[in-house]
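Me: Could you go through a structure with me? I'd like to talk about pockets and charged pairs.

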Amino acid sequence: MKPTLFVLAAGMGSRYGGLKQLDPLGPNGETIMDYSIYDAIQAGFGKIVFVIRHDFEEDFRKKILSKYEGFIPVDVVFQSTDALPVGFTAPADREKPWGTGHAVLMGKSAIHEPFAVINADDFYGTDAYKVIAKELSKERKKGDYCMVAFRVGNTVTENGSVSRGVCSTKDGKLTHIVERTAITVDDNGVISFNDENGERQVLDYATPVSMNFWGFTPDFFEYADREFVKFLNEKINVPKSEFYLPSIVDALIKEKEATVEVLDTDSKWFGVTYSQDRDDVVVKLADLHAQGVYPTPLFKK
């Protein structure tokens, strides 16, 4: 069974200043998502599912989905603040989506096979898709997951802070992951973050981090449902609380309900977190086309 690629494209894009998922960055107007879909097709994925917001569905279908017709089957699901389990009601003043863990839950009705999860605005590279597609194509048991890890030094930007799932591993397996916010790199190349006590802690350049490139089997939705209920019981009235995908995984590892194999890749991540990152990404994508890594245009009908 071919795996499915699940693309998280419902982000607000607040730091970037717009819907960066629709921003044309490639030499022929390609979005970062276009490269993700192209790489996924080449790697052997069989279907693409997008989670988006209702308010930009029309633009998304016209500018994005139309490109992939005839290349790979696609489906769309929606994330909204009121998409909650029975018995829960979103606070009237809740504006921010419930986070990446909630976004993944929206795929429950559309995905029934092993699947990989990615962010719509991250460029992961060709090899990363090949590595995870190969792993997801193997026979898998319940709770037998995987992830592609990147070195934190290859995922920071000089234009502001970022959030990353910082990973601890043993014998190739993930043992712990914690979401770290306000990760920055200073003028001397030192990477650091604020810990729970508000103190700065230094991260080694090669520290493995999650860029939300996960591989799951469908049973993950059952676990995520359960963990989301726990989250809502504690934090539903906290205005900016988020249900992070790495938090679900970490809870499953602690309870020994899942194992996560950490996959190596030669690919280098890049993305557009801030508007100032854009020019650098445009240059990198143009170079990849010039080197023949990608055809021009990506999707030629």
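Me: Which residues lie nearest the centre of the second largest pocket?

Reply: Val156, Thr157, Glu158, Asp280 and Lys284 lie nearest its centre, and the lining of the second largest pocket comes to 21 residues. A pocket here is an open set of points on a 1 Å grid over the protein atoms alone, where a 1.4 Å probe fits, with protein on both sides within 12 Å along at least five of seven lines, and lining residues have an atom within 4 Å of a point. This is a predicted model, in which local features need pLDDT of at least 70 and side-chain atom pairs count only at pLDDT 80 or more, while totals for chains, interfaces and linings use all residues. Residues are numbered from 1 along each chain as its sequence is written, and side-chain values use heavy atoms, with hydrogens and water left out.

Me: What volume does the second largest pocket have?

Reply: The volume of the second largest pocket is about 460 Å³, taken as the space filled by probe spheres set on the grid points, which are joined across faces, edges and corners.

Me: And which helix gives the most to its lining?

Reply: Helix H7 does, with three residues; strand E13 (270-271) and helix H7 (278-290) each supply at least two, where helices (H or I, at least four residues) and strands (E, at least two) are DSSP runs numbered from the N terminus.

Me: Switching topic, how many salt bridges are there?

Reply: The count comes to 18, a salt bridge being a side-chain nitrogen of Lys or Arg within 4 Å of a carboxyl oxygen of Asp or Glu.

Me: Which residue does lysine 108 pair with?

Reply: Lysine 108 forms a salt bridge with aspartate 225, at 2.6 Å from N to O. The pair links distant parts of the chain, 117 residues apart, with aspartate 225 in helix H5 (residues 220-235) and lysine 108 in the loop between helix H3 (100-105) and strand E4 (115-119).

Me: What about arginine 53, buried or exposed?

Reply: Arginine 53 counts as buried at 13% relative accessibility, where buried means under 20% relative accessible area, exposed over 50% and partly exposed in between (1.4 Å probe, protein chains only). Its salt-bridge partner is aspartate 55, with the closest N and O atoms 2.9 Å apart, and aspartate 55 is exposed at 58%.
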